[in-house]
Amino acid sequence: MAEVLVLGALFAFAENQSTLFPSQSTTSASFMLAMAAMVAFAPQNAYAGPAVVAAFGGLFLPDLRARDWRRVIFNASMYGTATLVATAVFFPLVHVLGTAWWAMLVAALPAALAFSAINLLLLALVLAFWRLETFSAALPKLVGGHLQIYPFALLGVLLGEFYVDYGVVLVPLFIVPILVARQTFSSYTQLKESQEAAVRTLIGALEAKDPYTAGHAERVASYAEYIGQELGMSPSRLERLRFAALMHDVGKLVVPNHLLNKKGKLTAEEFAQVRLHEEVSVEILTRIDFLAPVAPSATSEAAEFAPVADDRGQPIEPHIVAVADAFDAMTSTRSYRKALPQETAFSELRQNSGKQFHPRVVDALISAIERRGEEHGRGHEDVVHHQDAPEVGTGSAGLGDLLPETGNVENGSEQAAGR
């Protein structure tokens, strides 16, 4: 009983030192205590002990102060269930491998994997239910906060061994890694927040220059994220993709507004001036360390699709940004043309799939939007910045003169301008 209270109190303390990541997932050193409890209760084969210790994780002070008993009960049940499953993996392995410290370290890794899997499954189901997201969309947002569980599993084994040998006298030793972990995670979060602030500053500059361009960047980033999720990208890769999409037009800060908002076709000189925004975008992104890897996505050359027998190993991010950019260009009202219906945009993407656009990327965008039941384009725009735009106009992200009634493509002369 004393072991349950001591380790349970430490588990609750660790949970109250958790850090909120930008993805809205949280992380803490609490699994270290669950692992220590498994080691402490292994000799008695007491499966309930570690589960009860982990149930103390429901004692999260903000939830208790708010009297949000549903969250308290859910968190206690979630941690208890995940730890019980992890214990069911750990104990049999220990009985086979023995109780030597190296054997417990080996057994700790599959136990940590079991805990993480159950924890992620339950959290993703709840997020999908309350936020009305698909399960596949909710799951990637949580994975990043669980990658740290494996080193804590190993540390938990060592602390559990110390606890068995020396008892509560070593409780302060448990507190140190909890506080160090909090500081480390907080520093990481601050770094991410500063990166986000840098991006928001650039987006704010775009918005001050041209509200349409800023809104366009946000929408392209959203569509790009849809595609990345559909293609099974990792959370870190999705984050880089979002930055690439947000920043793909940052060079338009140097393009005069009268060219961005011109209703008619661009002259050859004007076209060349607008094309300069790609060079400026690459230059800006290259000078910012964390954005440098996504700089190539700002060029039309990187987004050009050339069919090959095997495109594995080739970066797909520029193709994703190109498709997301083209879709938003067609389904939003621009100075030279009113928004086109979503089905017209889909038709154009399909017709140019395998020629101008990457086929897998086109299929992924259409599937993601249709599964979400979203409607974009004429009659579905949140904000229309060019109320007096003509019904038919030139240059829809390189797709030429699109007629809403027929969807015909006649002229691709402004393909790379990306106005």
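A: A salt bridge is counted here where a side-chain nitrogen of Lys or Arg lies within 4 Å of a carboxyl oxygen of Asp or Glu. In this predicted model, that rule gives a count of 6 salt bridges. One of them joins E218 to R200, with 2.4 Å between the closest N and O atoms. Because E218 belongs to helix α11 (residues 211–230) and R200 to helix α10 (residues 171–209), the pair ties together parts that lie 18 residues apart in sequence.

Helix packing can be followed with α16 (residues 317–331) and α17 (residues 342–351), whose axes come within 9 Å and cross at roughly 145°. The crossing of α16 and α17 is right-handed. On the α16 side the contact is made by V323, A326, F327, M330 and T331, while α17 contributes Q342, A345, F346, E348 and L349. By residue type, the contact of α16 with α17 divides into 7 nonpolar, 2 polar and 1 charged.

Turning to the surface, a nonpolar patch is formed by V96, L97, W101, W102 and V106, which together have about 550 Å² of accessible area. Helices α5 (69–97) and α6 (101–130) are the elements that give two or more residues to this patch, and the largest share, 3 residues, comes from α6. V96, for its part, is found in helix α5.

Definitions and conventions. Residues numbered from 1 in each chain as written. Predicted model: local features only at pLDDT ≥ 70, side-chain atom pairs only at ≥ 80, totals over all residues. Heavy atoms only, no water. Axes fitted to C-alpha atoms, helices over the stretch in contact; angles between N-to-C directions. Helix = DSSP H or I, 4+ residues; strand = E, 2+ residues; numbered from the N terminus. Left-handed = near helix turned anticlockwise from the far one by under 90°. Contact = heavy atoms within 4.5 Å. Nonpolar A, V, L, I, M, F, W, Y, C, P; charged D, E, K, R; others polar. Patch = residues over 30% accessible without salt bridge, like charges linked within 9 Å, V, L, I, M, F, W, Y side chains within 5 Å. Areas by Shrake-Rupley, 256 points an atom, 1.4 Å probe, with all protein chains shown as cover.
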